[in-house]
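Subject: Model for your review

Hello,

The structure is placed below, and my notes on it follow. Please read them alongside the coordinates.

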Amino acid sequence: MLAARSHFAMVRLPSGRILALGGSTNIDNYDNRTEVLDIGLTAWSSASPMPTAHIVAGHAVLLNTGKVLVAGGHRNSIPAAAHLYDEATDTWSATANPPSLNRHSAQMTLLPDGRVLYSAGYSGAFGGPTFASAEIYDPATNLWTATGSLATPRLGHGAVLLTTGPHAGQVLVCGGVDRVTLVDTATCERFDPNTDLWLPAPSMGGPHALFTLTPLMDGRLLAAGGQVTFATNRTTAEVFDPVSGSWTPVPNMAVPRARHTATLMPDGGVLVAGGVTASADIVGTPSVERFDPGTNTWMAVGALTTGRGNHDAVSLPGGRVLLAGGTGSSAAEKFASTEIFTPDTDGDGVLNHVDNCPTIANPGQANYDGDAQGDACDPDDDNDGVADATDNCPATPLGQAVDSLGCTPGQGLPYLQGLIAGYGLPGGTANSLNAPLNQALAILTDPNPSNDDAACGKLTAFMNQVNAKEANGQLTAAQAAELRDVAQAIWTFLGC
Ligand SMILES: [Ca+2]
Ligand SMILES: [Ca+2]
Ligand SMILES: [Ca+2]
Ligand SMILES: [Ca+2]
């Protein structure tokens, strides 16, 4: 980006460009600058600045009209304001009236009818007050109006439209913290846009504040991480099923985090990235974990190049995710840097987290020995201890002992015959070389192991044939040496 930003927001514009707006350039300096990333993801360029500086994490939403609504997130001393961005003209305009309160750390949720629910938050002043009130913006009238209040004041909560279950079309608000009492809550409430009323909803298993509440593709919601009274951070996660109306705990994340991002991927997984992880509000982790909604499990999926918290993330085509800005190791360290998470690095259609060779295209995922590495990147496909590069028999039956060239005797003898066939020798010459090999093979593959010693005599006969044919010029020195090396390996393996 052109500017270092934390506590900001990115919005995908109707054109596909990405708008980054507002945020904090240092601990107490709110920003009105905006910038746009082109569709090719090559460069950021300045866009028209917001009329007022905003911290806009959670305070920006793309309307169905194509305009971007931004509200609140000011310093306590600045009156509430809301503005609309029009990409076509790169201009900002104020809404017809301002919101009733300057809300900070509130949430905007797009309703099915195109209106926006703007819920709770706090005044922006250290120590509160924290709000239970909510209001609605209607693009049709360009007006803000008051709506019902929540039962519990909260900031840093989650607010998601339900798409399944008996309350589909309503907004579920969960968690958050009270800036006055510093108590974080596990409670949830739901907002019915048809009646403007808030109604009770099942509480989470534990409190989450400054966390992520992410809709899954099947309509369930994933709550992940969060902060404990602005101090330590959580690893806990749980899933809400709107059909049964119940929360279910899922395994903890590997890394405690709050103020992270959670992005729904096209395959249904959720990419949870970065976040503040230590007891401080600021220090970002590079950890990235993927939640699998099929198994309700977490898997580490690489790391950010930079530890980030208070950053933002936005989906890109192809399942990629743009991660940008945020705080690093101190309050003063703000990032302008961006990075892109690619779920399929080698482009073979198999996502990295399940790809047995994530950096080598192998769409078939062939994996002879069934270990963690596919044949395309496994240095020893048949796991016989002989590297592919020097293994004459790369598909040895699993678990069988081999000679120094990677072959069982049952493979090594036919390998020798293949070499002989490749030399294009006269029929009589080839036959006299093959005859003792056929005899050795018959001895080794018959059902009587007690006669295997006799194979040594046949190998001796073969060696004598090779030496004689080299002496009379029927084999070149190189051919004879090659045949002797392979025969010697079998000889040694058999303990002749
Ligand atoms: Ca791949
Ligand atoms: Ca393998
Ligand atoms: Ca091998
Ligand atoms: Ca082998």
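The disulfide of C456 and C496 is left-handed, with -80° about the S-S bond; a disulfide here is a pair of cysteine sulfur atoms within 2.5 Å. The sulfur atoms of C456 and C496 are 1.9 Å apart. Because C456 sits in helix α3 and C496 in the segment after α4, this pair ties together parts that are 40 residues apart in sequence. Helices (H or I, at least four residues) and strands (E, at least two) are DSSP runs, numbered from the N terminus. C456 counts as buried at 13% relative accessibility, whereas C496 is partly exposed at 33%. Buried means under 20% relative accessible area, exposed over 50%, and partly exposed in between, using a 1.4 Å probe and protein chains only.

This is a predicted model: local features need pLDDT of at least 70, side-chain atom pairs count only at pLDDT 80 or more, and totals for chains, interfaces and linings use all residues. Residues are numbered from 1 along each chain as its sequence is written, chains are lettered from A and ligands numbered from 1 in the order in which they are written, and side-chain values use heavy atoms, with hydrogens and water left out.

Other disulfides

The count comes to four disulfides, and with bonded cysteines counted along the chain their pattern is 1-2, 3-4, 5-6, 7-8. One of them joins C174 to C188, with an S to S distance of 2.2 Å. The torsion about that S-S bond is about 115°, so the C174 and C188 link is right-handed. C174 belongs to strand β16 (residues 171-174) and C188 to strand β17 (residues 188-192), so the bond ties together parts that are 14 residues apart in sequence. Both C174 and C188 are buried.

Another disulfide is formed by C393 and C407, with sulfur atoms 2.0 Å apart. This link is right-handed, with 90° about the S-S bond. C393 and C407 both lie in the loop between β31 (338-341) and α1, so the pair ties together parts that are 14 residues apart in sequence. C393 is buried at 8% relative accessibility, and C407 is buried at 2%.

Calcium sites

Donors are N, O and S atoms within 2.8 Å of the metal (3.2 Å for Na, K and Ca); water is not among the atoms, so sites may look incomplete. D382 bridges the calcium ion (ligand 4) and the calcium ion (ligand 3), which lie 3.9 Å apart. D382 and D384 are buried.

D348 and V350 are buried.

Nonpolar core

A nonpolar core is a set of buried Ala, Val, Leu, Ile, Met, Phe, Trp, Tyr and Cys residues joined through side-chain atoms within 4.5 Å. The largest has 24 residues, and L413, L416, I420, F462 and L483 have the most contacts inside it. Two or more residues each come from α1 (409-422), α2 (427-445), α3 (454-471) and α4 (477-494). The largest share, seven residues, is from α2. Beyond its neighbours within four places in sequence, L416 is in contact (heavy atoms within 4.5 Å) with L437, F462, L483, V486, A487 and I490.

Regards
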